[in-house]
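Please read this briefing with the sequence and the model side by side, and look for each residue as it is named.

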Amino acid sequence: MEKTPKRILLVEDEINLAKGLKFNLEREGYEVILADNGQSALEYWASEQFDMLILDLMLPKIGGIEVARKIREENIRFPILILSAKSTDEDRALGLEVGADDYIAKPFHLPELLLRVKGILRRRDWYGEAETEKDIFHFSDMWINFVTGKAMGMRGEIQLTARETQVMQLLVSRKEEPVSREELLQKVWGYISATETRTVDNFIVRLRKYFEKNPKKPKYILTVREKGYKFIRTFEKNG
Ligand code: CA
């Protein structure tokens with residue numbers, strides 16, 4: 001039985017490298033769409049279906065980090081392999097922090113790149129199958145799917161953004177211990193500085209609107225003075 005080929009969006013502005021990669025990926029049986037700047041990458045991504053993204057960092061119009069960030073805001077699990085001449089540890093860390101699945105520095109060896117692509121796509125298949133009840137967190141009569149970001153809130157079913165999902169997941173994972181705003185910023189937004197803690201507060205306000213009957217008197221997402229926020233898993237009815 002013929003399998004549908006995996007579709008890869010390749011974002012690379014060095015045209016010779018791009019063409020060579022496209023040729024070799026196609027020889028492996030993938031279907032490859034080429035975008036030569038960050039903006040057309042985002043347009044392709046929004047309008048067509050792909051299985052993964054290979055993303056250069058230094059790009060015209062919209063840079064690769066920004067592209068990865070935008071995609072992560074919409075889709076928490078879409079596979080991204082960063083391909084870049086920027087090979088310092090800092091850039092690598094930044095790439096992984098915005099949610100890339102893997103990172104390969106230029107110049108790279110073609111067989112290694114092909115292996116990474118294969119690995120990412122295999123993991124994607126595996127996660128797809130593994131998406132089961134264990135990814136769904138229940139509290140009271142609500143739930144959150146930490147993989148897809150779908151949730152049942154106080155006022156019906158909602159789709160959380162990737163960041164909303166990550167904030168909830170981090171709070172829940174602490175089992176009623178408070179998480180500081182700084183840590184939330186660092187882990188969810190990838191900020192190193194602690195100067196933008198209001199961002200976190202705004203997210204908490206939104207999450208309370210989803211999950212609290214009375215957002216001003218929260219029962220689940222609690223403020224802990226001078227410590228941050230914590231999540232309490234109570235099953236008593238919200239009301
Ligand atoms: Ca480039």
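The helices α6 and α8 are roughly perpendicular to each other, a label that covers angles of 65 to 115 degrees, and they pack at an angle of about 85 degrees with their axes 11 Å apart. This is a predicted model, in which local features need pLDDT of at least 70 and side-chain atom pairs count only at pLDDT 80 or more, whereas totals for chains, interfaces and linings use all residues. Residues are numbered from 1 along each chain as its sequence is written, and side-chain values use heavy atoms, with hydrogens and water left out.

**Where the two helices meet**

- In contact, which means heavy atoms within 4.5 Å, are R163, E164, V167, M168 and L171 of α6 with F203, I204, R206, L207, Y210 and F211 of α8.
- These contact residues divide into eight nonpolar, no polar and three charged, where Ala, Val, Leu, Ile, Met, Phe, Trp, Tyr, Cys and Pro count as nonpolar, Asp, Glu, Lys and Arg as charged, and the others, Gly among them, as polar.
- V205, which also has its place in helix α8, is partly exposed with a relative accessible area of 42%, since buried means under 20%, exposed over 50% and partly exposed in between (1.4 Å probe, protein chains only).

**Nonpolar cores**

- The largest nonpolar core has 26 residues, and V167, L171, F211, I221 and F231 are those with the most contacts inside it; such a core is a set of buried Ala, Val, Leu, Ile, Met, Phe, Trp, Tyr and Cys residues joined through side-chain atoms within 4.5 Å.
- Among the elements that give two or more residues to this core are α6 (162-173), α8 (197-211) and β11 (228-231), helices (H or I) being DSSP runs of at least four residues and strands (E) of at least two, numbered from the N terminus.
- A second, separate core of 22 residues includes I33, A35, L57 and A100.

**The calcium ion**

- The protein donors of the calcium ion are D13 (OD), D56 (OD) and M58 (O), at 2.1 to 2.3 Å from it; donors are N, O and S atoms within 2.8 Å of the metal (3.2 Å for Na, K and Ca), and sites may look incomplete because water is not among the atoms.
- D13 lies in the loop between β1 and α1 and M58 in the loop between β3 and α3, so this pair ties together parts that are 45 residues apart in sequence.

**A buried leucine**

- L114 has its place in helix α5 (residues 110-130) and counts as buried at 15% relative accessibility.
- Not counting residues up to four places away in sequence, L114 touches N24, L25 and E28.

Technical notes
Axes fitted to C-alpha atoms, helices over the stretch in contact; angles between N-to-C directions. Parallel < 35°, antiparallel > 145°, perpendicular 65-115°, else oblique.
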